[in-house]
Amino acid sequence: MKASVLRRGLNLWPPFLFSGIHVTAITADYRHAHVELRMRPWNRNYVGTHFGGSLFAMTDPFWMLLTMQSLGREYWVWDKAGEIEFVKPGRGTVHADFRLRDDFLDELRAATANGEKALRWFDTDITDASGDVVARVRKQLYVRRKPAHRENGDAE
């Protein structure tokens, strides 16, 4: 799927559309994505700051999607775990950047070449307009090469 089609689809996906989450960029090579969360009356919490669930949701699928698209159909890629640390109240529009490095993809390919699973953590800062960190999100991915594509040809 072309990155531009995925970006448009995510922006129309009801959980993002109705939460004020907007994907502003996904590069054609799936190595970078930029997402913003706009403050809306329906995504504020009781004290008038960004709802924590919306902050987590704006980061939720991106490490999995970028890794999955970059590695290709020969791999299973799943979210395994996630956590969020709230650093300061989020107000206005907040942003998150996701950058997938080629050396990381090479490491995943090597770690899973013989059918072993790889569990890797990704860290993302959510920042406000001043560049201050509002929240830190950690996501753990499960990555495994599918049996038909393993280097040694072994099946599970």
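Here are a few friendly questions and answers about this predicted model.

Me: Is His50 buried or exposed?
Reply: His50 sits in the loop between strand E2 (32–37) and helix H3 (52–57). Its relative accessibility is 3%, and buried means under 20%. His50 therefore counts as buried.

Me: Which backbone oxygen does the side chain of His50 reach?
Reply: Leaving aside residues up to four places away in sequence, His50 touches a set of residues including Leu37, Asn43, Leu55, Arg91 and Gly92. At 2.6 Å, the side chain of His50 reaches a backbone oxygen, that of Gly92.

Me: Is Leu12 buried or exposed?
Reply: Leu12 belongs to helix H1 (residues 3–12). The cut-off for exposed is over 50%. Leu12 has 61% relative accessibility, so Leu12 counts as exposed.

Me: What separates the C-alpha atoms of Leu12 and Asn43?
Reply: Along the chain, Leu12 and Asn43 are 31 residues apart.

Me: How is H4 oriented to H5, roughly parallel or roughly perpendicular?
Reply: The axes of helix H4 (residues 62–71) and helix H5 (residues 102–112) come within 11 Å and cross at roughly 70°. Angles of 65 to 115 degrees count as roughly perpendicular. That makes the orientation of H4 to H5 roughly perpendicular.

Me: How many residues in the contact of H4 with H5 are charged?
Reply: H4 contributes Thr67, Ser70 and Leu71, while H5 contributes Leu105, Leu108 and Arg109. Of these contact residues, three are nonpolar and two are polar. The number of charged residues is one.

Note on methods: Residues are numbered from 1 along each chain as its sequence is written. This is a predicted model: local features need pLDDT of at least 70, side-chain atom pairs count only at pLDDT 80 or more; totals for chains, interfaces and linings use all residues. Side-chain values use heavy atoms; hydrogens and water are left out. Helices (H or I, at least four residues) and strands (E, at least two) are DSSP runs, numbered from the N terminus. Buried means under 20% relative accessible area, exposed over 50%, partly exposed in between (1.4 Å probe, protein chains only). A polar contact is a pair of N or O atoms within 3.5 Å; within protein, one must be able to donate a hydrogen and the other to accept it, and residues adjacent in sequence count only if both atoms are side-chain atoms. Contact means heavy atoms within 4.5 Å. Axes are lines fitted to C-alpha atoms, for helices over the stretch in contact, and angles run from 0 to 180 degrees between N-to-C directions. Angles under 35 degrees count as roughly parallel, over 145 as roughly antiparallel, 65 to 115 as roughly perpendicular and the rest as oblique. Ala, Val, Leu, Ile, Met, Phe, Trp, Tyr, Cys and Pro count as nonpolar, Asp, Glu, Lys and Arg as charged, and the others, Gly among them, as polar.
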